[in-house]
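This report describes a single protein chain from its overall make-up down to single residues. The sequence and the structure come first, and the description follows.

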Amino acid sequence: MILEPRKREQIMPLPVVLISTIGKDGVRNAAPWSCVMPVLRPLDDIAIASWIKRDTLNNIRETGEFVVNVPTVDMIEAIVISSRDYPPDVDEFEKAGLKPRISQKVKAPGIDGCIAWAECSLVEEISRKNYSIVIGKVIHLEVNDSFFNKDGEMDYEKAKPLSVMLREKGMHFTYPVFTGKEMKYTEMFLSNKDQASVIEEEK
């Protein structure tokens, strides 16, 4: 089967987060986001892709701040409500029944009950005709102790962080489960012996 290139989002699971912002007029905004990506593991940057006409993007431009909130499966109904196209003067926390959480480094509130909260400052906006890539720096990262061990590792089968599979006329909400296979980062690096073996095979 051949799919149209625009359906590329139907071939992979996408994360679901709630991005919370506050407008210069003080109105709180919360919107679900799937086009979000940490930028390389050792760095502090995070990137989100946004259509040009989004209240979230306008708020980030005006204030230079946003919070990436990682919701649980129990928050699906609030996510659906907050996805609706409300006017900019509507408080989406109130509409979706979301409880604000005081942030430590930014004015925008986080969302209570989430798995984790990444408070971000705007670093750069890369603009295109119909969309923008927003690069933010995580300046404060806090997690819900109920779902993490002492090393900051998530018990994802308990936390149930949301992901989504897009379909032609809608989406299915999903969450990760363990496959039974574990891998250490060190396994990605070849030993001198392994490197020599690869070189020999390529000859």
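## Annotated domain

An unreviewed UniProt entry carries the annotation "domain: Flavin reductase like" for residues 12-150. UniProt positions are given in the numbering used here, feature names are shortened, and annotations may be inferred rather than shown by experiment. Over residues 12-150 the chain is 15% helix and 42% strand, with 31 Å between the end C-alpha atoms. Helices (H or I, at least four residues) and strands (E, at least two) are DSSP runs, numbered from the N terminus.

## Basis of the model

The model is predicted: local features need pLDDT of at least 70, side-chain atom pairs count only at pLDDT 80 or more, and totals for chains, interfaces and linings use all residues. Residues are numbered from 1 along each chain as its sequence is written, and side-chain values use heavy atoms, with hydrogens and water left out.

## Overall make-up

The protein has five helices and twelve strands. Its C-alpha trace spans about 65 × 45 × 30 Å along the principal axes. Of the 203 residues, 36% are buried; buried means under 20% relative accessible area, exposed over 50%, and partly exposed in between (1.4 Å probe, protein chains only).

The protein exposes about 13,400 Å², of which carbon and sulfur atoms supply 55%. Accessible areas come from the Shrake-Rupley method with a 1.4 Å probe; for residues, only the protein chains shown count as cover. Among contacts with a separation of 6 or more, 58% are between residues 24 or more positions apart. Contact means heavy atoms within 4.5 Å.

## The seven-stranded sheet

Seven strands form an open, antiparallel sheet in the order β3-β2-β6-β9-β10-β5-β4. β3 (28-33) and β4 (36-38) are the edge strands, each with a single partner strand, so one side of each has no neighbour in the sheet. Neighbouring strands are turned by 30° against each other on average, direction ignored. Helix α1 (residues 55-63) packs on this sheet, touching β2 (17-22), β3, β5, β6 (65-70), β9 (116-127) and β10 (131-143). The direction of α1 makes about 50° with that of β2; axes are lines fitted to C-alpha atoms, for helices over the stretch in contact, and angles run from 0 to 180 degrees between N-to-C directions.

Two strands pair if DSSP finds at least two bridges between them. β4 and β5 (residues 45-51) pair in the antiparallel sense over three bridges. In this pair, V36 stands opposite I48 and M37 opposite A47. The hairpin of β4 and β5 has six residues between the strands, and L40 takes a positive phi near 60° there. β5 also pairs with β10, antiparallel over seven bridges, and I46 of that pair stands opposite G136 in β10.

## The three-stranded sheet

A further open sheet has three strands in the order β1-β11-β12, with antiparallel pairing. β1 (14-15) and β12 are at the edges with a single partner strand each, so one side of each is left without a neighbour in the sheet. Two bridges join β1 to β11, where L14 faces V164 in β11.

Strands β11 (residues 163-166) and β12 (residues 171-174) are joined by four bridges and run antiparallel. They form a hairpin with four residues between them, and S163 stands opposite T174 in β12.

## Nonpolar cores

In soluble globular proteins, nonpolar side chains tend to be buried together. A nonpolar core here is a set of buried Ala, Val, Leu, Ile, Met, Phe, Trp, Tyr and Cys residues joined through side-chain atoms within 4.5 Å. The largest such core has 20 residues, and M75, L98 and I111 touch the most other members. The elements giving two or more residues to this core are β2, α2 (76-82), α3 (92-96) and β11.

Not counting residues up to four places away in sequence, I111 touches L18, S20, A30, N69, M75, F93, L98, K99, R101 and W117.

## F178

F178 is in the loop between β12 and α5 (192-202). F178 is partly exposed, with a relative accessible area of 43%. Leaving aside neighbours within four places in sequence, F178 is in contact with Y156 and E157. Y156 and F178 are 22 residues apart in sequence, and their C-alpha atoms are 8.7 Å apart.
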